[in-house]
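Good morning. Please look at the structure on the screen while I describe the surroundings of its ligand.

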Amino acid sequence: MNLQGILIVVSGFSGSGKGTIMKELLKRYDNYALSVSATTRQPREGEADGREYFFKTREEFEKMIAEEELIEYARYVNNYYGTPKAYVEEQLAAGKDVILEIELQGALKIKEKFPEALLLFVTPPSAAELKRRLVNRGTETAEVIEQRMKRAEQEAEGMESYDYYVVNDVLDACVEDVHRIICAEHGRSMRNREFAEQIKSELKGE
Ligand code: 5GP
């Protein structure tokens, strides 16, 4: 069966808990690799360069664009965010399922470039719950929270482009849901054409 890793895009409203889900997934299973993005936004408290993001100046980021070091990039709330190409290619070739935690514009670019990518959208059970989580996080100003709620409204418009919705109500159950979806995807016929050909030729006695 398919030994090449799957490219997985995970999006969701800011505050949907997708970051926590991904961290937990990586802790529990060893078939995943999480891509670390480059961004021009300022580090939040507790974030380290090279761990949550590669923090770049606008000039550095624009150089990465010019030198085609990014698979995709997008602007989000006045900053650039992009996915470095080299790591993703390496990990896929090594058979890892590579997770990109990116927003809608980036997700659409990935789907265009890699039609076999798997697109997951993480959502809290309701809009009220989303706002409550953003406020409780305590890392954003009221103005940024409002911007993010507005942005969530726009991102909801793109929900139909994703393959699966994952409702993050109880974290533990949600992590297992994501893992099960990805496991099932490995068996998809479109990802296993070579396997089908091999079985057919074996049956013919070739
Ligand atoms: P935050 O500033 O909260 O860390 O991220 C803001 C948004 O940017 C999130 O929706 C996050 O998924 C998205 N994002 C992070 N990295 C990338 C990336 O490499 N490319 C794109 N297109 N979006 C990203």
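How many residues surround the ligand, and which are the closest? There are 16 of them, and the closest are Ser 37, Arg 41, Tyr 53, Tyr 81 and Glu 103; a residue is counted if one of its heavy atoms lies within 4 Å of the molecule.

A word on the basis: this is a predicted model, in which local features need pLDDT of at least 70 and side-chain atom pairs count only at pLDDT 80 or more, while totals for chains, interfaces and linings use all residues. Residues are numbered from 1 along each chain as its sequence is written, and side-chain values use heavy atoms, with hydrogens and water left out.

Let us turn to polar contacts, that is, pairs of N or O atoms within 3.5 Å. A polar side-chain atom of Tyr 81 lies 2.5 Å from a ligand oxygen. For Arg 41, a side-chain N or O atom is 2.6 Å from an oxygen atom of the ligand. Glu 101 contributes a polar backbone atom, 3.2 Å from a ligand oxygen.

How much of the ligand does the protein bury? Taken alone, the ligand exposes 510 Å², and the protein buries 95% of that; these areas come from the Shrake-Rupley method with a 1.4 Å probe.

Two elements give two or more residues to the shell around the ligand, namely β5 (70-76) and β6 (79-84); strands are DSSP runs of E, at least two residues long, numbered from the N terminus. By class, the shell has 5 nonpolar, 4 polar and 7 charged residues, where Asp, Glu, Lys and Arg count as charged, Ala, Val, Leu, Ile, Met, Phe, Trp, Tyr, Cys and Pro as nonpolar, and the others as polar.

Terms used. Polar contact = N/O pair within 3.5 Å; in protein donor to acceptor, adjacent residues only side chain to side chain. Helix = DSSP H or I, 4+ residues; strand = E, 2+ residues; numbered from the N terminus.
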